[in-house]
Each structure stands twice: as C-alpha cells, then as structure tokens.
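Here is a short briefing on one protein model. It covers annotated positions, the sheet and the nonpolar core.

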Amino acid sequence: MNFDAIPADRLPALLQRMPKAELHIHIEGSLEPELIFALAERNGVTLALDSVEALRAAYAFTDLQSFLDIYYAGASVLLTEQDFHDMAMAYFRRAAADHVVHAELFFDPQTHTERGVPFETVVRGLKRACEDAERELGVSALLILCFLRHLSEEAAFETLAQALPHRDAIAGIGLDSSERGHPPEKFARVFARCRELGFRLVAHAGEEGPPAYVWSALDTLHVERIDHGVRSIDDPALMARLARDGVPLTVCPLSNLKLCVVSSLSEHPLPALLAAGLRATINSDDPAYFGGYLNRNFTETFAALPQLGAAEAYRLARNSLEASFVAPERQAAWVAALDRCFAEAGA
Ligand SMILES: [Zn+2]
C-alpha cells in the first residue's frame, strides 16, 4: 500500500472511518454523568454532588488515585442487571459510531460485589448487552474480568470462584486499579489458576508503575497483552523483548494526558513505541472520565504528533484487530475491510 499517496488533510476522516477494535475499555469508565444521574434517580441512590455539571467539574485529576476515588463513587449507582446492560449499550452505540467492529470490555466485579450486588447481576447484564450489540449494531464483543489489584489475592480467588459458573461468558482475566505498590507478582497464584482454566490473560502494567512491573506481568503472570505499558520506553531491554515477542500494548493517550502520565500529547511515547516495532494500539480506557471515546483518542493524538501519518494509522488499526481474542478468520475479514478502506482513500 502506498500510504504517502494519502494527503494529510484526508487523515482525520480516515482515522474516524477505518474499522478498528477497542481492547482497553473499562465499562464502568464509560458511565457518563447524565447516565449516572439517570440511574441514581431510577434506583433512589443519593449522590454526593447534586448536578451533572458539578460531577463533570470534579473530573480534574492529578493522578490515578484521584480518578479512582471518583470512579468508584460513580459506579455506586449500578444495582440491577438492567443498569449494567444499559451502561454497556450506551458504550456500544458510541463505539459503533466510531467504526469499532470489536470491543473487549473490562469489568470490575469486586467494585460491585463489595457493595452487595451479586456477581451474576453484573455478568448477566453485560452479557446480554454484548449479544444485543452484535445483533443490533454489528459490534462484536467479549468480556474480560479484572481483579482489583489494591485488594488481596485471596479476594481475587473468591471472585474467580464466583465467575466459574459463568465461564462461557468471560473470555479473559485482567488486573487493574491502583498500580503503585501492587506489583503483578502479588497475583501470581491466581493468574496461574486462570491460565490452567484456559482464560486469556492481560494485565495493566507500566502506566504509573515501573518497567519492572511489565517484566513481571510477562514472566510471572504470563499475560498475552500489556495494558498501557508506556513506561517500557524507559527500559531498552524491555522494549527489545516486547518487539521480539510481538506483545500488544493497549495504549490510552487521553487517559495518560488526563492522569498526568504525560504532560502533553505532543510528548506521548506512542511514535517511539511504533518506531521500535512494538505492537501498540490506541484505546480509550475510561472514556467518560478522560475526555473522549476511541476516535477522539485517534484524532487528538495524531493532531498533536505530526510524526504519525497514514502508515501509522493503518498499523494501529491492524494491530488492534490482530491483537484481539477472536478467531483468525474473523480478524482476517476485518483486516480485509481495513485494506479496502485505505484503498478507497487512495493508498
Ligand atoms: Zn485501564
């Protein structure tokens, strides 16, 4: 393909139109303030802030923890199966508009079971939304259960036991929440068990935590993808390892900006990760809180980084499709659609 034949002024439209997968989206992080208030009213929940505007104004974060405090408060409005379904469908409609053909949704059952919401309420609502998304919107979807790393490994084992009756609804296992002070090896035994059970494995590492956490996620947890992983840029041996093994990184530029992992998008390491041959992808993380869904992550990142052009857009979209946990034949059909999209744009 001749990417140089695509003029720069056509790139923003192409970024939006190209078929892509989203592999790093916390479904609880897609709760918009309007939906938080609607669900609070439906469920008779009283919120600490009294308006959508006040809630949105509180989304000024200084680091990961300052975000998590607000995020867990927002999730408190989710009580019924229908709430989880409606939250996920609101995301899927936005994803479909962004030409997302496949999404792998993280969900945090412990955020809900700790409040007394049964595990099956969460997973049933989300599973039904995944089925509706495929049928009504043509968006393929999988669920990835994340353990909260600020809780104990014992608590993760309890959550895994609750998940087993729903094994078929859950494609993979991840690790999220407060990274610093909670290295991947804290969960070595529960991840080993998940591996025996045949779950696909991912983990957040190298967002705020050091490159050592990425090494540990690879060598101790044996994950297939690293969520974030941007701090790998500080460790040349790790960069070489990630490139050699083709480990996908689910990078989230607007999240990194909002949580002060980078001071501006123009300083984001994404171009360097791609130039080093890493299988980076772009994702929205917690889009309701970080200022944008997937296409906005693409367009703002490309606008801030002139080194990124049509070749990088194609590579990022293709990486996302091929790093997904779906069968190779389905991936190949999406890649063919991506090729057609670029051919139509003049490549
Ligand atoms: Zn995340």
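UniProt, in an unreviewed entry, places the feature "binding site" at His24, His26, His204 and Asp285. UniProt positions follow the numbering used here, feature names are shortened, and annotations may be inferred rather than shown by experiment. These positions are spread over 262 residues of sequence, yet they cluster in space, with a largest C-alpha distance of 11.7 Å. This is a predicted model: local features need pLDDT of at least 70, side-chain atom pairs count only at pLDDT 80 or more, and totals for chains, interfaces and linings use all residues. Residues are numbered from 1 along each chain as its sequence is written.

**Annotated positions**
- His26 lies in strand 1. Helices (H or I, at least four residues) and strands (E, at least two) are DSSP runs, numbered from the N terminus.
- His26 counts as buried because 29 other C-beta atoms lie within 10 Å. The cut-offs are 20 or more such atoms within 10 Å for buried, 12 or fewer for exposed, and partly exposed in between, with C-beta atoms placed from the backbone.
- Leaving out residues up to four places away in sequence, His26 touches Phe106, Asp108, Asp176, Asp285 and Asp286. Contact means C-beta atoms, placed from the backbone, within 7 Å.
- Asp285 sits in the loop between strand 8 and helix 14 (287–290).
- Asp285 is also buried, with 29 other C-beta atoms within 10 Å.
- Among the contacts of Asp285, beyond four places in sequence, are His24, His26, Cys252 and Phe290.

- Eight strands form an open sheet with parallel pairing, in the order 1-2-3-4-5-6-7-8. Pairing requires at least two DSSP bridges between two strands.
- Strand 1 (20–26) and strand 8 (279–282) are the edges, each pairing on one side only.
- Neighbouring strands are turned by 25° against each other on average, direction ignored. Axes are lines fitted to C-alpha atoms, for helices over the stretch in contact, and angles run from 0 to 180 degrees between N-to-C directions.
- Strand 7 (residues 248–251) pairs with strand 8 over four bridges. Pro248 has Arg279 as its bridge partner in strand 8.
- Helix 15 (residues 294–304) lies across strand 1, strand 2 (100–107) and strand 8, at about 115° to strand 8.

**Nonpolar core**
- The largest nonpolar core has 105 residues. Such a core is a set of buried Ala, Val, Leu, Ile, Met, Phe, Trp, Tyr and Cys residues joined through C-beta atoms within 7 Å.
- Ile27, Ala88, Leu105, Phe107, Leu126, Ala217 and Ala313 touch the most other members.
- Strand 3 (residues 140–148) gives the largest share, seven residues.
- Phe107 is in contact with residues including Ile27, Leu126 and Leu143, leaving aside neighbours within four places in sequence.

Technical notes
Two residues are in contact if their C-beta atoms, placed from the backbone, lie within 7 Å.
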